[in-house]
Amino acid sequence: MAGGQASSKPSSTPADDALSPQRFERELKSLAAKARSDTWAGRTRRQLVVYLRAALLLALLGVYSNVSQLNLSPVYGAIPAAIWHSKVLMAGCFAGWAGNEALRRSLPVSAAQALPLVALYTPALQFFLAGLSGRLGAQWGPVATEALTLFPLAALTAAAVADDLEGDGGGGGARLTMLPGFVADAAPGLGSWGMLKLVEQRAGEHLRANMGRAVAVYTRLGLELLLGVAYAVVARSRFLVYAAPPLLHTLVANPHVASPAATQALVSRMMSDNWLLIERRESVTGYLSVVQNMREGFRALRCDHSLLGGNWVQAAADGDVSEPIYGVFAMLEAVRLAESAKPVADEDAHALVVGLGVGTTPSAFVTLGINTTVVEIDRSVYELAAKYFQLKENNPPVIADAVSYTAALAASAPETYDYIVHDVFTGGAEPVDLFTLEFFQGLAALLKPDGAVAINYAGDLSLPTPKLIYRTIKHVFPTCRIFRESPVDAEAAKGHAPDFTNLVIFCKKTAGPLRFRAPTARDLLRSPAREEFLALKHEVAQDVLLSGEDASVLSRNDTSAVVKWHETSALGHWAIMRNALPDMVWEQW
């Protein structure tokens, strides 16, 4: 039948084709090509690629470790944010490295492909968890936040690195086969951990020195977004589309983003609660913002989860100088009232103020005609104090580290100042270097023989630290008197509660009694706060801080005795700050 005749040549089957000489020849040629390409140089190149990707993933985690703490600091403070941080990071890395096979079986994607998703979800999670900070508290809030953000990022990073180095990440593996078995097994993990900690340390140093630069990336959310993009490039994932919702929230609805639109939205939100956000910025000492309570009429300068000072807005217009919201700043001015054998007129006096805050004390000195020099480490603090808190000056500020500056000045210009005010504090703990024997010796060298120094110490008097600090001060200044800002709380007096307060310690470097003249109308500067606090009430007996047999002092080479109590002090300070400003102000930052 036309067109219907079957072909006489049968078609080949797959089995026949597999045994054909042509197929066999092709397989031989392919194997030969692979053998030729599997040279030492080729293997080395592939291993280097694996090492490079592992190194990049570890480097990103090292940077993220610092950024995670930066984003917790405005809500909890730097010290509470650090209490469990290293343990969470270590636990995540261990879980990921030891359980990489379990993760590979349980996850619908590889560990590397999941990393960009976790990184891009983190800002949104941090924002929502910050809203729970009042209920979680400063001790457990950072743990809960990092358990849902840093921990999975660390676990997935460790699992991805383990996959690569142990040959399961698609890169052919990179095991150190020329080393003894047990060394080869341990070397990748130990090397990875060592590199992670090195990058973490160097990144921390870099960020501390550069936060506050006029570059968008040197903001907390800017760094997180940059790291999210970096993860997406290094660990490319086809599932990035699922990161769109949190990324959109971060860019559009997260008030922590340092953009004009986010700031304006935050201003509107806070105004509905009678709070005004005047300005905010990053700086080398922390997240700074100027906020004003519209109902009560006070303005404050915030640094992370601490207040550097504040004033009453209307009273500032009525008086000669700004009216402080805390009495301790008025108490510091009583250093002028310390009696001396040869009283010095204000116009002939010189004062050094270490630590600016909002400038309450130096402004009063300048108003009284005293030649005043301020040493402040953070230029942004100075700029905000000058812009929003009526800072008065008669000398340019010294923007420098007070430790190095005063040491150099003591060597070149000793006995320069009639009054020295030491007013430094941040985050619930004293900056340890500014309370050492060596630093106080430098201040004594700068003080004139009959001059006086006022030291503001804020802390929990139920802890050993205030006693150590006071012993150190007494080692340098033989004559001192101590005054509290407020009387002892009844529960604290019984030992049933912390006794967190501001102390002002007045000292002279000469022997003999320390007395204060009564303040005059000129000293008060038409200020109710000065009228109440310059008289110096609530004196503390020296025996309270000198009791016991311990005679140790705080040396620059051994600060561990103070540092170990920082956590307790910072947690107590966090609770006090939550009473000073509502949760909403701290959480929205």
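## Exercises on a predicted model

In helix α13 of this structure, the buried residues are Ala262, Leu266, Val267 and Met270, and the coordinates come from a predicted model.

**Exercise 1.** Work out what span the twelve residues of helix α13 should have at 1.5 Å a residue, and where its buried residues lie around the axis.

*Solution.* The buried residues, Ala262, Leu266, Val267 and Met270, fall within an arc of 140 degrees when seen down the axis of α13, so they line one face of the helix. Pro260 and Ala261, on the other side of α13, are exposed. The cover over the buried residues includes β1 (275-282), β2 (287-293) and α27 (583-588).

**Exercise 2.** Determine whether tryptophan 589 and histidine 538 are buried or partly exposed, given their relative accessibility.

*Solution.* Tryptophan 589 lies in the segment after α27, and at 4% relative accessibility it counts as buried, because the cut-off is under 20%. Its phi is positive, about 20 degrees, although tryptophan 589 is not a glycine. Histidine 538 sits in the loop between α23 (528-533) and β13 (539-540), and its relative accessibility of 32% makes it partly exposed. The phi of histidine 538 is also positive, near 60 degrees. Most residues other than glycine have a negative phi.

**Exercise 3.** Describe the secondary structure of the chain over residues 48-67.

*Solution.* An unreviewed UniProt entry annotates residues 48-67 as "transmembrane region". In the model, this stretch is 100% helix and 0% strand, with its end C-alpha atoms 28 Å apart.

Notes. Residues are numbered from 1 along each chain as its sequence is written. This is a predicted model: local features need pLDDT of at least 70, side-chain atom pairs count only at pLDDT 80 or more; totals for chains, interfaces and linings use all residues. Side-chain values use heavy atoms; hydrogens and water are left out. Helices (H or I, at least four residues) and strands (E, at least two) are DSSP runs, numbered from the N terminus. The expected span of a helix is 1.5 Å times one less than its number of residues. Buried means under 20% relative accessible area, exposed over 50%, partly exposed in between (1.4 Å probe, protein chains only). The arc is that of the directions from the helix axis to the C-beta atoms. Contact means heavy atoms within 4.5 Å. UniProt positions are given in the numbering used here, feature names are shortened, and annotations may be inferred rather than shown by experiment.
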